[in-house]
Amino acid sequence: MEKLRRSMMFIPGNNPGMLQNAGIYGADTIILDCEDAVAITEKDSARNLVFQAISEMNYGTEVAVRINHISTPFGWDDLKRILPAKPDLIRLPMAQGPDEIRQIDEFISAAEQKNKFPAGSIKMMAAVETPKGLRLAYEIASASPRMVALAIGAEDFIANLKTTRSKLGRELLAARGQLVLAAREAGIQCIDTVFSDINDEEGFKNEIELIKEMGFDGKSVVNPRQVSVVHDIFAPTAKEIDHAQRVLAAYQEALEKKSGVISLNGKMIDLPIVARAERTLAYAKATAGKGGK
Amino acid sequence: MKNSIGREIPDFIPGLGKVTGFGGAFARKPVGRTAGAALSTCLPRTDKLLASIETAIDAVGLKDGMTISFHHHFRNGDRILNRVVEAIAKKGIRDITLSPSSLNTVNDALIPYIEQGVITAIETSGARGKMGRFLTEGHLKKPLHIRSHGGRAQAIESGAIHIDVAFLGAPACDRYGNINGIQGQSACGSLGYAIQDAAYADQVVAITDNLMPHPLFPISIPQTQVDYIVVVDSIGDPAGIASGALRYTKDPKELLIAKYAADVLDYSGHLQQDFSMQLGSGGASMAVGRFIKAKMLERGITGSFGVGGMTGVFAEMMEEGLFKMMFDVQSFDIPAIDSIKKNSNHLEMSASYYANPHNGGAIVNNLDAVILSATEVDVDFNVNVITDSNGVIMGASGGHSDTAAGAKLTIVVAPLLRGRLPMVKDAVQTVVTPGETVDAIVTERGIAINPKRLDVIDNLKHSGLPIMSIYDLKDIAYGLCGRPEPIEVTDEIVGVVEYRDGTIIDVIRRPIF
């Protein structure tokens, strides 16, 4: 089972109180943010604080850092300062193409060597937030073996589309669909955008249902209260687990009997259904006890 | 002497005399008889109505050295206590022992009267704000005497507190002294603490802004206990008496702690059909209600009764059929006040019925579970809710030790860190609730179960909750914040914390400021 990234929770990199408690809410990944959550005048202090937090805190979960884009005056400095603390993952915002991914990859390789970290141990992901980035999503996703996920950043994307966000999310349908296709083609994960109205629990749930159906692996969240909501919806239901177990049992039985045709309750079962059942059970196992924080 | 939890308590405390050290939560067996109010008579056709508070002070014959009591049901909206003390001071009466059921920040106004020697002793649940700081500096003739709500009821009934005059704010009072707390502009709901004082004070003065025709209905305090009535413009500020509906916290850390606490209750085996519980009114302890409610609905179980310190959130659970009854000693918010007014199964109870350890059995003895907050806890599971990280008095004992002693399962919720300070320590500064009555400490980073509760430990084994030893919890806190410096104190004892049975569980020594 690949690393779970159902919830990737942003933590402002310049807020010591929130950095202190970032690890307690059960998010699969915490993203210490040096980019949008941090005012331009605070960039250097956030960078230092994030470095200290990663070095000193035992978060017990995957720790990512969202750096500023390398085309800004802050991106490379972020990497310089933070890589020696060995974050698990670097998240690049506003990804525009494969070249920048390769540049960062090389920079990380040098840092790994210098700090005697195992080569390739620091992973990368990139957020697509522009039509150009979306067009090049597959190239971005496959530009480096460090890449583990693509994400969509909706606010900038919607602004670029010259539309607005709606409750149903139709404006994002095409982009989300394309992004999942690109990520799947590259064999990496796909993470949905944040839902910023933290008091609209119903809207939040609807959006998680939607992106789960579309094939996303998880969602970026901005508030600890959102973590368990995401996990609950991503968890396989008892019915799904039961069905998966019966599919596998029927498959096993058919193998033992050397029967060519497998059926369950009169429905034919083929290999993709078996693969899906296996995935459901592996997912259930991986998420057990990590569900409802 | 060292008491049974290892606290150094002098045998003789200046101002208090010889004291008995705490010897265990249930070690002390009461002897003797209950004390009582002085006999009195009221001739037919007597008018109990007096013109003013000043006239009432004359009528009761208040003198130097007497003890006067008040209830704290009006919380920060109280307009009685400060006013009465001001009138007493004007009459030149001195050396008064003040015995209110609790003090709020509104009572900071009493500080000048302590400085002037009008008030020389205070016996109450606790103090906050400037008053807390002032009392920590040691300006009283006797140390501040802190008792729990049940302990105060016990002390009143045993005669350890003898109330000469109770001045009781009465939201509704008829011309012959029947009182309730649910009608009028200053309605506060339950009058649980006032009921206690009215029954045992030598003389009772009802002060009201809502004089009603006789007979009043319903009656919480009967006319037989009330000697005089004074009508004033306003006895309380409604905005300070009760907040609008107390709502569940949105603080994610408190919610996480609350969720863990509800899970502990669930896995402990105590969340069963017809269970009973009390929730503290702090953010996290109140939020536990939300998660317990979800579990009750999910499992299709209903509770027997709730106890409080009542909030609308709890009353709502009763109205939804999740609990049969509520026992209410004080009502915290407007929905709770409305509930006690309209629901016959929302019962008012006295402080003694609530929590007195030396009667035929207080309702806390029937509790399955209580969720309590804490300022700090230690590796012996002792809890401090009185002094802050500088050793300054800033809280109240309340019903903490009473409910902890009574309930089958006592869960204490607290953040492991407050800012840069660890809240699980080697030793708390002041013990209010002894660790032997605390079963679980729930923080955002881990849960410790009292090693004595083998049954609970066993039940939680496969819960998936972050269970660890209390020492591990402390180590996490110290690892993040460092070991806190001990608070430097003098030998001067500025406060004593009396356990509910009348023994001294701890003393508060004046910190070096």
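# Exercises on a predicted two-chain model

Strands E27 (residues 489-498) and E28 (residues 504-511) of chain B run antiparallel and are joined by 6 bridges (strands are DSSP runs of E, at least two residues, and helices runs of H or I, at least four, numbered from the N terminus; two strands pair if DSSP finds at least two bridges between them). The model is predicted: local features need pLDDT of at least 70, side-chain atom pairs count only at pLDDT 80 or more, and totals for chains, interfaces and linings use all residues. Residues are numbered from 1 along each chain as its sequence is written, and chains are lettered from A and ligands numbered from 1 in the order in which they are written.

**Exercise 1.** Describe the hairpin of E27(B) and E28(B).

*Solution.* 
- Step 1: 5 residues lie between the two strands, and B:Gly502 in the turn has a positive phi of about 95 degrees.
- Step 2: B:Ile493 has B:Arg509 of E28(B) as its bridge partner.
- Step 3: E28(B) is largely enclosed by the rest of the structure, because 6 of its 8 residues are buried (20 or more other C-beta atoms within 10 Å of a residue's own; exposed means 12 or fewer, partly exposed in between; C-beta atoms are placed from the backbone).

**Exercise 2.** State how domain 1 and domain 2 of chain B are placed and what they share.

*Solution.* 
- Step 1: Domain 1 covers 46-241 and domain 2 covers 252-488, with bounds from an automatic or database domain assignment.
- Step 2: Their centres, taken over C-alpha atoms, are 29 Å apart.
- Step 3: The contact (C-beta atoms, placed from the backbone, within 7 Å) takes 31 residues from domain 1 of chain B and 33 from domain 2 of chain B.
- Step 4: On the domain 1 side, H5(B) gives the largest share, 7 residues.

Terms used: Contact = placed C-beta atoms within 7 Å.
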